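Subject: Structure handover

Hi,

Here is the model I promised to pass on. Please open it and keep it beside you as you read my notes below.

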Amino acid sequence: MRIIFSRKGFDSAAGGGPSPIVDGRPISLPIPAGAASTTTYGDLGLDKLAAQASRGKLSSDDLCHHDPMFRDDGTCWFGQCGAAQTHLERQGAERGDVFVFFGLFRAAGEQPHHRIFGYLRVEEMISLAGGAPQECVDAGHPHALAMHGSNDVIWRGEGRTASHASDALRLTLPGANPSVWRRPKWLKPGGLSYHDRPSRWAKRGQLQSVARGQEFVADVGRRKEPREWLDQVIAEINRS
């Protein structure tokens, strides 16, 4: 099995600033649309938050890339393509693997930090080369509306977002730069794709995460400790 740390949502480059934490709840803001989209920030009720996070650059009528798309039935539809999709394929990502979505967040009066905000337990991978399922088109999923790359895929399965910005879902070491993580004990040096350089693991219990990139894959096989960590993360996300 693979645990995939998947970076999503606003940051200083995409959107202009961190996603907000409002009344204790992390709200991941989808990035501005770079290709096909029929969904605006206003449609999602995120217009005021997007305007604030982007320092007024985005408004209610601006189109957004609504992906990953978390559905009311407790599923998630996530599109990926290009180099990021190729990386997932080379890492052997498949059914049964789990995406752990994280992003840059900030509560009022606090410093930005990386935190986990959702997950997707992969049950199905749909290649869009032969056309998108009509239900994905009808839902307005951006990858279903138009191909974003020749290897465009929609990953689907059980998935939800967190309703609490708990400390258990925080990745950034308190008081540190957002990219300095307190890594899970099971995550050993060299055990995460794109993080091979030994200096990233130099300090005990920390990881200097890469500045850019989307999909970071940890192949955990049948190991018990990472599976227990993942179960705890998912339970925390699902906590009401």
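Start at the hairpin of β6 and β7. Five residues lie between its two strands, and Gly-109 there takes a positive phi near 80°. Strand β6 covers residues 98-107, and β7 covers residues 113-127. Helices here are DSSP runs of H or I with at least four residues, strands are runs of E with at least two, and both are numbered from the N terminus.

Before going on, a word on the basis. This is a predicted model, with residues numbered from 1 along each chain as its sequence is written. Local features need pLDDT of at least 70, side-chain atom pairs count only at pLDDT 80 or more, totals for chains, interfaces and linings use all residues, and side-chain values use heavy atoms, with hydrogens and water left out.

**Strand pairing**

β6 and β7 pair in the antiparallel sense over eight bridges. Two strands count as paired if DSSP finds at least two bridges between them. Val-98 has Arg-121 in β7 as its bridge partner.

β7 also pairs with β8, again antiparallel, over nine bridges. Tyr-119 stands opposite Arg-160 in β8. Ser-127 stands opposite Val-153 in β8.

β8 (residues 153-161) pairs with β5 (residues 75-80) too, antiparallel over six bridges. Trp-77 has Arg-156 in β8 as its bridge partner.

**Nonpolar cores**

A nonpolar core is a set of buried Ala, Val, Leu, Ile, Met, Phe, Trp, Tyr and Cys residues joined through side-chain atoms within 4.5 Å. Buried means under 20% relative accessible area, exposed means over 50%, and partly exposed is in between (1.4 Å probe, protein chains only).

The largest core has 26 residues. Those with the most contacts inside it are Ile-3, Phe-5, Ile-116, Trp-186, Leu-192, Trp-229 and Leu-230. Two or more residues each come from β1 (2-7), β6, β7, β11 (215-219) and α5 (224-238). α5 gives the most, with five residues.

What does Trp-229 touch, leaving aside its neighbours within four places in sequence? Its contacts are Ile-3, Phe-5, Ile-116, Pro-184 and Trp-186. Contact means heavy atoms within 4.5 Å.

A second, separate core has 16 residues. Ile-4, Ala-93, Phe-105 and Leu-120 are among them.

**The largest pocket**

The largest pocket holds about 900 Å³ of space. The search uses a 1 Å grid over the protein atoms alone: a pocket is an open set of points with protein on both sides within 12 Å along at least five of seven lines, whereas a cavity is a set where a 1.4 Å probe fits but cannot get out. Lining residues have an atom within 4 Å of a point. Points are joined across faces, edges and corners, and a volume is the space filled by probe spheres set on the points.

The lining has 35 residues, with Lys-8, Gly-9, Pro-30, Asp-67 and Pro-68 nearest the centre of the pocket. It divides into 17 nonpolar, twelve polar and six charged residues. Ala, Val, Leu, Ile, Met, Phe, Trp, Tyr, Cys and Pro count as nonpolar, Asp, Glu, Lys and Arg as charged, and the others, Gly among them, as polar. β3 (25-26) and β5 each supply at least two lining residues. The largest share, three residues, comes from β5.

Pro-68 lies in the loop between α1 and β4 (69-70).

Pro-30 is in the loop between β3 and α1 (47-53). Is Pro-30 buried or exposed? Pro-30 is buried, at 10% relative accessible area. Leaving aside neighbours within four places in sequence, Pro-30 is in contact with Phe-10, Tyr-41, Leu-44, Leu-46, Cys-64, His-65 and His-66.

**Loop residues to look at**

- Arg-55 sits in the loop between α1 and β4. Its phi is near 60°, positive in a residue other than glycine. Arg-55 is exposed, at 64% relative accessible area.
- Tyr-194 sits in the loop between β9 (180-182) and β10 (206-208). Its phi is positive too, about 70°, although Tyr-194 is not a glycine. Tyr-194 counts as partly exposed, at 46%.
- Ala-211 sits in the loop between β10 and β11. Ala-211 counts as exposed, at 61%.

Best wishes
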